[in-house]
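Reader: Hi! Could you walk me through a few spots in this model?
Author: Happy to, let's open it up.

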Amino acid sequence: MDKIVKLPKRVKKPNIFFRLLALTVTGALVLGALALVVYRDQFNLDTIKHWLTYRNMQTSSTGEAAPFTHAGGGKLSIAYLDSGVVTSSVTGAHYYGLDGEQLAEEVLSMENPVLSSSRTTAVVYDAGNQSLFAFRGGAETFSLSLSGGADLLSARPNDSGWLAVTAQQSGYKGAVTVYNNHGNEVIQISLSTTFAVDAAISPDCRTVAVVTIGQERGSFFSRLLLYPVNQKEPSAQIDLGSLTVLDLDYDNGLLWVLGEDRLLIVNTQDASIQSYTFAPNYLKGCSLGGEGFALLFTGRYRSGSATQATVIHGTGQSARTIELTGQVLDYAAAGSYCALLSGSRLTIYDQTLTPFATLDNPQAARHLDLAPNGSALLANDQQAWLYIPQ
């Protein structure tokens, strides 16, 4: 029998073409990373985020997506979510995908519809009545109908989908109930000596801030009470004086509290307060939706429209103000951006009030909300659409 001789395995030579291609791609990635570092002040990363987020959405040459029809109704409000668009009006609440597909709805008559939203969650409720609906992740996730003559005063969600609901209930001057993102009650705080008028849940879902109003020696006063969600006694009490609280919002360890004549920035760790006074101007509007800043509108006279827009930072930076030359129909702030809508133009600014993008003749839009990446949701009484800065 002939002896079988095993031949040595032939070593496969590397393909020169693929090696060169791999080196080219690697080099391009390295150069691209270096370019982002070197030119990061000149290159807006949100341009890439826009492409990644909306790559399947077709837009016109102006950056506007095709409009879709919404339910409309009086007292209309809109909110941009990461999963779609929520509208509220006297005819109820509606949830749409960015392509206009209806995801959920609640059709009912509301006297005083209010839309409150975070990045992920929108809540629609009938202020002074009993109905509340929460939308998140493409669906209606929670609904609430108070009984026993209770009236809704406020409902605020955080980005985790937790919800702080303030209501007047029989037997108490005020009550705040915290619900988790599954709609389960976590804690109820019932007050019998002072009125609870508003509340907000912290981003880490560990603390609920409650605004109360009381009376002492014929004078009214406001307080901010901080409750850990696992106990029914406050861990801190911060006096706000005679301030009438119009809005509040948690942001980066700070609690922003808006009053008629000033904006307070409260450090919840040491109870220190920064104050920005509007005088001699008068407050005309405010958005606390930005990250680390507030967008304020003031006017020189008690009546009339706003004449100035101001950005206030929570880091001790000085305020930046621009003069307004026309009427502002709507405004919004989110992420590092803020936006103003007039009858003829939408202008998106960064948080230094430097223009980032403009859209002329925005199709008679009268309502505006902003995404954290700088894209804008626009709507008129019948249609809504997305504007993506190019």
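This is a predicted model: local features need pLDDT of at least 70, side-chain atom pairs count only at pLDDT 80 or more; totals for chains, interfaces and linings use all residues.

Reader: Thanks! Is His70 buried or exposed?
Author: His70 is buried, at a relative accessible area of 6%. Buried is under 20%, exposed is over 50% and partly exposed is in between, with a 1.4 Å probe and protein chains only.

Reader: Where does His70 lie?
Author: In the loop between β1 (68-69) and β2 (77-81). Strands here are DSSP runs (E, at least two residues), numbered from the N terminus.

Reader: And which residues is His70 in contact with?
Author: Leaving aside neighbours within four places in sequence, its contacts include Leu76, Tyr96, Asn380 and Asp381; contact means heavy atoms within 4.5 Å. Also, a polar atom of the His70 side chain lies 2.9 Å from the backbone nitrogen of Gly72.

Reader: Nice. Now Glu111: buried or exposed?
Author: Glu111 is exposed, with a relative accessible area of 53%. You'll find Glu111 in the loop between β5 (102-107) and β6 (113-117).

Reader: What does Glu111 touch?
Author: Not counting residues up to four places away in sequence, Glu111 touches Lys75, Asp126 and Asn129.

Reader: Switching topic, what order do the strands of the open sheet take?
Author: The order is β2-β3-β4-β5, four strands with antiparallel pairing. The edge strands, β2 and β5, each pair on one side only. Two strands pair if DSSP finds at least two bridges between them.

Reader: How many bridges join β3 and β4?
Author: Five, between β3 (residues 84-89) and β4 (residues 92-96), in the antiparallel sense. Ser89 has Gly92 in β4 as its bridge partner.

Reader: Last one: which element gives the most to the lining of the second largest pocket?
Author: That's β28, with three residues. The lining has 14 residues, and among those nearest the pocket's centre are Leu324 and Tyr349. A pocket is an open set of points on a 1 Å grid over the protein atoms alone, where a 1.4 Å probe fits, with protein on both sides within 12 Å along at least five of seven lines; lining residues have an atom within 4 Å of a point.

Terms used: Residues are numbered from 1 along each chain as its sequence is written. Side-chain values use heavy atoms; hydrogens and water are left out. A polar contact is a pair of N or O atoms within 3.5 Å; within protein, one must be able to donate a hydrogen and the other to accept it, and residues adjacent in sequence count only if both atoms are side-chain atoms.
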